[in-house]
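Take a first walk through this structure. Have the sequence and the 3D view open side by side.

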Amino acid sequence: MEQIKIQQWLIGIFSVLLIVTLMIVATFEVKKTMKYAAEIDVDKSTAQCINCHEIEHIAVTQIAAWEKSEHAVMGIGCLECHSAEADDFDAQRCPESDVLIARHPTPKDCAECHEDQVNEFANSKHAHQFWLLKNADRSILEMPIGTKHGCEQCHNITTIWPDGSVGECDVCHAKHSFSMEVARQPETCGECHMGPDHPHIEIYNESKHGNIFKALGGDWDMGYNTTKNEPIPIEAPVCVTCHMDGNEKQPMTHNVSARLATESQATWSYRTVWDEENLGSWEVKRDRMESICMSCHAPDFVETYLLTADLVNLQYNEMRRTFVYWTKKLTAAGIIDRLEADGKFFSNPVLNGWDEVPEKMMYYSWHHEGRRFRHGAEMMGADFTQWHGIWELQHNLVEMITWAAEHGDKEAHKWVNNNHPSKFVPFALYDIPGNAWGISTMVNTTPFVYSYEDYWDRVKSNVETAYNNGVLSEDQWELWMKRYENLDHYLGVKYKDNPEVKEAWNMYKERDAIDTKAFIKEAVNLKLPGKPFGAK
Amino acid sequence: MKIWIKERFPIDYAKFIEITEKIFIKEPIPLHMKKWVLAMGTTPFILFPIQILTGILLAFYFIPSPEMAHESVRYITEEVRLGFWVRGFHHWGANLMIISIFLHMMRVFFTQSFRKPRELNWILGFTLLGLVMTISFTGYSLTYSQVSYWATTVGTNMMAEMPLIGNFLLELLRGGPDVTANTLTRFYTLHVWLLPLAITLLIVLHILILRLHGVSEPEGFKKGYYAFYPSHFHKIIIVTLFLLSFISLLSVALPPGIGEPADPLTTPLHIKPEWYFFPIFLFLKWVPLNIGLLIIGLAIMGIVFWPFLEPLLAKKEKHRTILNFIIGAVTIITLITFTLIQTYTH
C-alpha cells in the first residue's frame, strides 16, 4: 500500500478511536459530577452479606440505605457493627451462610467510634429510667400487649442492654443510612414527642420556627456539620438546633439535658438538678440555651421570653397546689378512694388514681394539660399554652370542685354558689409586666385581676420569693424589676390616651358596634314563621 | 461614512486590501487539505475564542474564595439564567479542545510534518498542549468541589518531587504549604490572565511559523493549491457551526454537576484528576512516585525532541516512517488503554 494511504488510514482509524473513547470517558466523568454520591469500597465480608441478602431478598433496602451512608464512604461495612462473639447475648448464625453476627448492635458497638456521643447520650435524661422507676403501672388500664407497641416503642430509648450500655442510637439515626438529615428532621423527634401529653412537634409546627422551616426548609441542607463551632447555617431552628447543635459559642452535644433549666414534664415544675457535677447548675444550663437562642435573637428578647416561660411553670405549680388540696381533702373525707391490692395501697390519688373524676382531673392536669400549658410557653406554642393548656386546667378544676360539691363537700358547694369572678383564682399569681414582643397599649387594660390595686405588689412578693428561693436567677429578678419599675411603660397603659392610640382604638370600637348591630339584626332578632317540629 | 472613516484612518486602503487578500482571501491552500482528516488543526483554534467568551461570562459571577467558590459555581449552575449552559459550554469546550489538540498532533505525527524545518513548530505545538492542560487543571480546581480540591492537592503535591526547585514551586503555586485561599486566587489569576495570554501569544507564533513555511504537504498527493476563500473558509464555518451545535447539545444533555463542596478536613476515599490526566495518574499509581515522574519526564522530553531523535534512531527514510507509524500507534493505544482502565476501575 502506498505510504499516503497508510497515513490516511492510520489517521482516520485513530481519529475515530480517540474521539469515540475520549468522548465516552469525558461523558462518563461528567455524569459522575451530576450526582453527589460518593464512591464506596465494599470489603469482602460486606460483599458476602450483600450477595446473600440479595439472593434471599432479606432487608435489601437496607443495603441501598447503607450505600448512601457516611459509613459506606468511610469503609465501615456490615461486620464493623454486627460482629459477635459466640457467647454474646445477641450472637446469631446467619441461616444461609453460617456467619456469626450480632443481631442487635448496641450503643456499646456505636461507642467503638462515637464514644463521646454515646456517653453524652447516656448522661442525658433521654436515657433516664424514670418511666420505670416512677412506674405506677398504667398497664392496669392499658394491658401489657397495648404497651409493647405503645409506651415501650418510645421509651425503649432508655433501654438497658445485657451488655450494660444504654439507649438506642437508631431511634434518631435511622439505620442503615444513619443520615443526619433524618436525625435532624423535626418529625424524627416528633415520632415520640407528640400527642396529648407532650405535643412538642405540634407546638413546633405552630411556632414561627416551624412555620419558617415548613416554608423554606426544603431548600436547606440539613446534613450540616455542627461540631466546628461555626454559625448555625439555617434560618430557623428545628428541634435539634436548640437542644443539640453547636454554634460559635456552644459545642454540639448529644446530651439533651445540657441546656434545659426546668423540669417541666414532672408533676411539679422545678429547676433541673440533673447531673449537676458535670453539667452545672440550672443557670449554667440556661446560659447554654440562651447562647443558642442568641444565634437568631437579641438578648433582651431571649431573656424576657424565657423568664415569662419560667413564670408559667411557677404558675402551674400554684394551680397544681389547688388540685392537690382538693384531692387530698376528698380522699381524707372518704369521698374518693385509693386503689388497693393485697391490703396495700396501689395508687396515689394525686398522681395516678384513675377511677374517680377528681383523680382523673388530677392526672390530666399534670400529665396532659399541665405539660401543654408549660411546654407551649417554652416553645412558642401559643395555642397549647392557652386553649389546650390553661383553659383546660381551669376547666378540670371547675369539674373537680363541681363533682366534689355534688358529692357532699360543703366548701365545694360554697365555691359553686359563689358568684364573684375571683373564685376562678383560688391560687397565688405570677406575672410579668408586658411581654417579649413589644409594647401593647390596650391589651393590659382588660384583665379582671388588674383591677386589684395591690395586684402588682402581690405578684412582686411572689416573684421575689421565687428569686429568694433560687428558682429565679439574679439576672431574671433584675429584668423583672426593671419592668416593674417601668410598669406603665411595659404594660403600655402609659400610652393608651395618646391621640394616635385613641384614634385607632375608636375606629375599631366603631366597627365593632357595626358588627354587633349586624349580628343582632341578622341572627339574634331573626324570627322564622315556620313552627319548630318538636312542638305540636 | 467611508470618507469619514478614511479621514480618521489615513492609510493606503488599496494596499490594505491587497495585503488582506494576499494573507487571507487568496492564501494558497494545498489540495490535500480538501480531505477532512488532514485538516484538523483549525479545531482548537476555533474552540479557543469560545472558551474566552464563555470564560468572561463565568467570571461575571465566579468568586475565587474558599467560602464562595463552590457556592458561586452552584449559583451559576442553578440560578443564573442559562448559567448551566454557559458553564456547560466552557466545560465541554475545554474537553473538546484537548481532544482536538490530540487529533491534530496525531495527524502531524503520522504525516511526519514535524520534520525539518518545522521542528520548532512541533515543540511550540506541544507546549500549547501543555498550557491547555494546565489551564484546564487550574479551571477544574476553581470549582472547589471535594473532588477538585483533592485533585488540586495531589496534583500540586507532585511539584515537590521536582529536584532542587520542587518545594519552592509548590509553595509559589499554592501560596503556602497547603491548598488555601491563596491557591485559589493564584489559580484564578493563572486561569483567567496569564495562561490565556501565553496561549494566545503561542497560537500567534504557531500560526506565523506555519504561514512562513506554508502548510506541510504529504508526499503522494497531487501538487496544487486553491484559495482560502471561499472553499476553505466555508469548511471552517461548517466546523464552527458543527462545534457550536455539538457543544450546545452536550451542555444541555450532559451538563457538568457541581459536586460536593470541598472539605479540607476530610480526605475522600478516592482522589482522581480530570480524565486527560488519567494515563499519567494510573501510571503513577503503579510505580513509585519519583521513578514514575522521572519516566514521564523522559517520555515528555522524547516527544518534544522527537524531530531531532528520529534521525538518530533510523537512518533510512523508509525505516523512519515505519518507526513513526509504530511509535505513534503504540503511544495512542497505550494512552487510550490507560485512560479506559482508570475510568473503568473507578
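What follows goes from one chain as a whole to the contact between chains, and then to some local features.

This is a predicted model: local features need pLDDT of at least 70, side-chain atom pairs count only at pLDDT 80 or more, and totals for chains, interfaces and linings use all residues. Residues are numbered from 1 along each chain as its sequence is written, while chains are lettered from A and ligands numbered from 1 in the order in which they are written.

Start with chain A. It has 27 helices and six strands. Helices (H or I, at least four residues) and strands (E, at least two) are DSSP runs, numbered from the N terminus. Of the 536 residues in chain A, 29% are buried. A residue counts as buried if 20 or more other C-beta atoms lie within 10 Å of its own, as exposed if 12 or fewer do, and as partly exposed in between, with C-beta atoms placed from the backbone. Two residues are in contact if their C-beta atoms, placed from the backbone, lie within 7 Å. Among contacts in chain A with a separation of 6 or more, 61% join residues 24 or more positions apart.

Now look across to chain B. Here 32 residues of chain A are in contact with 31 residues of chain B. On the chain B side, helix 5 and helix 14 are the elements that give two or more residues. Helix 14 of chain B provides the largest share, eight residues. The chain B side divides into 18 nonpolar, ten polar and three charged residues. Ala, Val, Leu, Ile, Met, Phe, Trp, Tyr, Cys and Pro count as nonpolar, Asp, Glu, Lys and Arg as charged, and the others, Gly among them, as polar.

Next, follow helix 1 of chain A. It has 32 residues and reaches 46 Å from its first C-alpha to its last, close to the 46 Å expected at 1.5 Å a residue. That expected span is 1.5 Å times one less than the number of residues. Helix 1 (residues 3-34) of chain A packs with helix 5 (residues 83-110) of chain B at an angle of about 160°, their axes 10 Å apart. Axes are lines fitted to C-alpha atoms, for helices over the stretch in contact, and angles run from 0 to 180 degrees between N-to-C directions. The two helices are therefore roughly antiparallel to each other (an angle over 145 degrees).

Which residues does Phe14(A) touch, not counting residues up to four places away in sequence? They are Met106(B) and Ile332(B). Phe14(A) is buried, because 23 other C-beta atoms lie within 10 Å. Helix 5 and helix 14 (317-345) of chain B are among what covers the buried residues of helix 1 of chain A.

Finally, check the backbone. Most residues other than glycine have a negative phi, and most peptide bonds are trans. Gln112(B) has a positive phi near 55°. It lies in the loop between helix 5 and helix 6 of chain B, and it is buried. Pro117(B) is in the loop between helix 5 and helix 6 (119-142) of chain B. The peptide bond from Lys116(B) to Pro117(B) is cis, with omega near 10°.

Technical notes:
Parallel < 35°, antiparallel > 145°, perpendicular 65-115°, else oblique.
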